[in-house]
Amino acid sequence: MQPRSDWSNTAFLYDFDNRRYDDRIKFFKRYMERTSGNILDIACGTGRCTIPLAQNTSRKFVAFDFSENMLAVLRQKLIKHPIPNLFVHKADMKNFNFDDKFGYIMDTGFGHLLNDDEIHSYLSNVFHHMSDDALYILVVFNPSSDYGRSWIGVEKKSYEVYDDETNRRISRFTKNISSDTEKQIFTYLTRFEVTDEQGLTERFSDEVTVRYYYREQLENLLESTGFKLLEYYRSFSGDAAESGNDLFQIFVSTK
Ligand SMILES: C[S@@+](CC[C@H](N)C(=O)[O-])C[C@H]1O[C@@H](n2cnc3c(N)ncnc32)[C@H](O)[C@@H]1O
């Protein structure tokens, strides 16, 4: 069975990722300001985008994720700084259902849906939740390798940070575990080492499975569901990037 990709063992370390998040938040905010009506944040995780965006609007803001542990981190932040227009739910992308229609939908979880039927019914469901003039922003991984055999087993250090609050050093590594190049699915291990002042190291890890897409494949999927594609980016800095080295692909669509 495929892992659930829910960061169940490492959610509490997720926000230590020190790679720039400002561009992502600015990008989502710029499009949020072009829309009206309710906002839906699909696969909100620990709320790294959710919180700064929801704080910047008085519109109803609904955020969901299926990971208990990611949501626990988000809810902890909201205890300290409540946001009255933000409604957080535990829900699964495979069968979420809200009574509201949304004018703006952000989706950073799509790559974790693996099965064709799930993917088709998910996109139809997103479409159904959109108001007539809504924008849907879909973020997926940008494939940058063939993920063949030579890719498996390679471990890389993603970052190392020092946490002043707890005086711990946190290092994150990723290791490629398996890939199915036909189905365009791969699994990697995300592994943390947390070292305290005495030099004692604790280790935490999760497996994450991602389905990757080439631009045309996802454009076809979106168009066959009824979406109209407006813009395509490969970076949150907002340049219509042409380079192939970017980590993400971003599709902006309407109904
Ligand atoms: C890459 S993280 C993004 C989190 C957050 N949006 C951010 O930008 O930091 C992907 C999120 O998708 C969630 N996820 C994966 N599969 C899901 C599903 N079937 N339903 C709901 N959430 C899911 C995971 O729990 C995780 O929080």
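Here is a walk through this structure, from its overall layout down to single residues.

Before we start, keep in mind that this is a predicted model: local features need pLDDT of at least 70, side-chain atom pairs count only at pLDDT 80 or more, and totals for chains, interfaces and linings use all residues. Residues are numbered from 1 along each chain as its sequence is written.

Let's begin with the big picture. The protein chain is split into domain 1 (11-143 + 214-254) and domain 2 (149-210), with bounds that come from an automatic or database domain assignment. Where the two domains meet, domain 1 gives nine residues to the contact and domain 2 gives nine residues; two residues are in contact if their C-beta atoms, placed from the backbone, lie within 7 Å. On the side of domain 1 that touches domain 2, you'll find four nonpolar, three polar and two charged residues. For these classes, Ala, Val, Leu, Ile, Met, Phe, Trp, Tyr, Cys and Pro count as nonpolar, Asp, Glu, Lys and Arg as charged, and the others, Gly among them, as polar.

There is also a ligand to look at. It has 18 residues around it, and Ala-43, Gly-45, Phe-66, Ser-67 and Gly-109 come nearest. A residue is near a molecule or strand if its C-beta atom, placed from the backbone, lies within 6 Å of it. The shell around the ligand is made of seven nonpolar, six polar and five charged residues.

Next, find strand S2, residues 61-65. Helices (H or I, at least four residues) and strands (E, at least two) are DSSP runs, numbered from the N terminus. S2 is mostly covered, with five of its five residues buried. A residue is buried if 20 or more other C-beta atoms lie within 10 Å of its own, exposed if 12 or fewer, and partly exposed in between, with C-beta atoms placed from the backbone. In a regular strand the side chains alternate between the two faces of the sheet. Here Phe-61, Ala-63 and Asp-65 point one way from S2, while Val-62 and Phe-64 point the other way.

Strand S1 (residues 39-42) pairs with S2 in the parallel sense over four bridges; two strands pair if DSSP finds at least two bridges between them. One of the spots to check is Ile-42, whose bridge partner in S2 is Phe-64. S2 is also joined to strand S3 (residues 86-90) by five bridges, again running parallel, and Ala-63 stands opposite Val-88 in S3. To get from S2 to S3 the chain passes through helix H3 (residues 68-80), making a right-handed β-α-β crossover. Right-handed means that, with the strands pointing away from the viewer, the path from the first strand over the helix to the second runs clockwise.

Now move on to strands S7, S8 and S9. Strand S7 (residues 168-180) and strand S8 (residues 185-195) pair in the antiparallel sense over eleven bridges, and Ser-171 has Glu-193 as its bridge partner in S8. S8 also pairs with strand S9 (residues 201-211), antiparallel and over eleven bridges. Phe-186 has its bridge partner, Val-210, in S9, and Ile-185 stands opposite Arg-211 in S9. S8 and S9 form a hairpin with five residues between them, and Gly-199 in the turn has a positive phi of about 85°.

Most residues other than glycine have a negative phi, and most peptide bonds are trans. So which residue in the hairpin of S7 and S8 takes a positive phi? It is Gln-184, with a phi near 60°, and this hairpin has four residues between the strands. Gln-184 is partly exposed, because 16 other C-beta atoms lie within 10 Å. Asn-167 has a positive phi as well, about 55°, although it is not a glycine. You'll find Asn-167 in the loop between strand S6 (155-163) and S7, and it counts as exposed because 11 other C-beta atoms lie within 10 Å.

Asn-115 lies between strand S4 (102-107) and helix H4 (116-128), and is partly exposed because it has 14 other C-beta atoms within 10 Å. Asp-246 lies in the loop between strand S10 (228-233) and strand S11 (248-254). Asp-246 counts as partly exposed because it has 17 C-beta neighbours inside 10 Å.
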